[in-house]
Amino acid sequence: MGTKDTTQKRLEDFEDIFADISNVLLYDGEDVIKENELETVTAKDTYTVEHQIHEVERDVAKRWRHHSLHISLIGLENQTDPDYKMPLRVICYDGASYRAQLNAEESKKTYPVITLVLYMGTEKHWTAPKQLTDCFKYDERLSKFISNYKINVVELAWLSDEQILKFKIEFRNFVELLRDTRLGRKPQYSPIQLKHVHELLQLMRVMSGNDEYEQLLKQTTNNLKQKKLKGDEITMKKIVSLGFDEARAEARAAGLAEGEAQEKFATAKRMLALGKSLQDIMLITDLPMSKIQELQTEIKSA
């Protein structure tokens, strides 16, 4: 299993995170699904074809129940790239879940299955089919006999600011990172208290490809031990602020002074020569990413 898959699932599998995602995407942010009403179910479903057992595995799935009533099964599927066969995959996931209900002893107590495809791409919109009939060519005269199947694709990086603000806990920080990456701007973090610091920072690291978040995680662990951070003060804004202070102190110690435009350019060029990441250079110098990339091009062409 890839690192991205693992880190995505790890954060989403927490009941509070899962409930928050579901409430925003299914109920427009209304607090309908409670975390204590969710129960983890195996992400694997099996079905039998010609006496052979086959298995399909979801990314994350939870059963939502109120008292003894099963209301729904909700599944999350993570995609960093558009998948042309996604409708086929989703119909298999959902069909296996319905088959499990059909085989259950209490078969009268059936409930709907909902799958949300969380698209985490930042460079382009979802370009793959969103319904079954777009996956193949067929005689149009047969269209009225073909049962279509639509999937729910959520383009996280393209959610509006208003929609993003409806996330109540730290998944908002991750969605903000995707949005800001798409817009090519410095991350704008919400002051939300974090409960799952390790999982959030690890996910940000693997999705952005920026080791800065690994360093922030180490700094946060040390700051908690040294009581520079209190448990109820852990927010991305606070973590990043402390991280910037330490990074700037290191920069000054290395002679990378921050100043006006020309001094910043000189600092950026030295850091580029040292192989520092563009994100680190942006954080240290406060130069826009476009200017740093321009300086990088100048150095390569020199």
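Tyr138 counts as partly exposed, because its relative accessibility of 27% falls between the limits of 20% and 50%. The structure described here is a predicted model. Phe136 is also assigned to the partly exposed class, with a relative accessible area of 36%.

## Aromatic pairs

The model contains five aromatic pairs. One of them joins Phe136 and Tyr138, with 5.9 Å between ring centres and 70° between the planes, an edge-to-face arrangement. The pair of Phe167 and Phe171 is tilted, because the centres of its rings are 5.6 Å apart and its planes stand at 55°, an angle that is neither under 30 degrees (stacked) nor over 60 (edge-to-face). Phe167 has a relative accessible area of 0% and is buried. Phe171 is buried as well, at 1% relative accessibility. Phe174 belongs to a cluster with Phe167 and Phe171, held together by ring pairs.

## Salt bridges

In the whole structure, 17 salt bridges are found. Asp13 and Lys62 form one of them through their side chains, with an N to O distance of 3.2 Å. Asp13 sits in the loop between helix H1 (3–12) and helix H2 (15–27), while Lys62 belongs to strand E4 (residues 60–66), so this bridge ties together parts that are 49 residues apart in sequence.

A salt bridge also joins the side chains of Asp94 and Arg58, at 2.7 Å from N to O. This pair links distant parts of the chain, 36 residues apart: Asp94 is in helix H3 (residues 86–103), and Arg58 is in the loop between strand E3 (52–57) and E4.

In the pair of Lys269 and Glu298, the side chains meet in a salt bridge with an N to O distance of 4.0 Å. Because Lys269 is in helix H9 (residues 261–273) and Glu298 in helix H11 (residues 289–301), the bridge ties together parts that are 29 residues apart in sequence.

The table gives the accessibility of the residues in these pairs.

| Residue | Relative accessible area | Class |
|---|---|---|
| Asp13 | 34% | partly exposed |
| Lys62 | 0% | buried |
| Asp94 | 3% | buried |
| Arg58 | 2% | buried |
| Lys269 | 36% | partly exposed |
| Glu298 | 37% | partly exposed |

In the second pair, Asp94 is buried and Arg58 is buried.

Elsewhere in the chain, a network of salt bridges connects Asp161, Arg179, Asp180 and Arg185.

## The largest pocket

The volume of the largest pocket is about 620 Å³. Its lining is made up of 27 residues, and the closest to the pocket centre are Thr122, Thr181, Met207, Ser208 and Gly209. Three helices each contribute at least two lining residues: H5 (171–183), H6 (197–208) and H10 (278–285). H5 supplies four residues, the largest share of the lining. Sorted by class, the residues that line the pocket are eleven nonpolar, ten polar and six charged.

## Helix H7 and the segment after it

Helix H7 covers residues 212–225, 14 residues in total. At 1.5 Å a residue, H7 should span 20 Å, which agrees with the 20 Å between its end C-alpha atoms.

The buried residues in H7 are Glu212, Tyr213, Leu216, Leu217, Gln219, Thr220 and Asn223. Lys227, which follows H7, has a positive phi, near 60°.

Helix H8 (residues 236–253) contains Ile239. Ile239 counts as buried, because its relative accessibility of 2% is under the 20% limit. Between Ile239 and Leu229 the C-alpha to C-alpha distance is 8.5 Å, and the two are ten residues apart in sequence.

How values were computed:
Residues are numbered from 1 along each chain as its sequence is written. This is a predicted model: local features need pLDDT of at least 70, side-chain atom pairs count only at pLDDT 80 or more; totals for chains, interfaces and linings use all residues. Side-chain values use heavy atoms; hydrogens and water are left out. On a 1 Å grid over the protein atoms alone, a cavity is a set of points where a 1.4 Å probe fits but cannot get out, and a pocket is an open set with protein on both sides within 12 Å along at least five of seven lines; lining residues have an atom within 4 Å of a point. Grid points are joined across faces, edges and corners, and a volume is the space filled by probe spheres set on the points. Ala, Val, Leu, Ile, Met, Phe, Trp, Tyr, Cys and Pro count as nonpolar, Asp, Glu, Lys and Arg as charged, and the others, Gly among them, as polar. The expected span of a helix is 1.5 Å times one less than its number of residues. Buried means under 20% relative accessible area, exposed over 50%, partly exposed in between (1.4 Å probe, protein chains only). Rings of Phe, Tyr and Trp (its six-membered ring) pair if their centres lie within 6.5 Å; planes under 30 degrees apart count as stacked, over 60 as edge-to-face and the rest as tilted.
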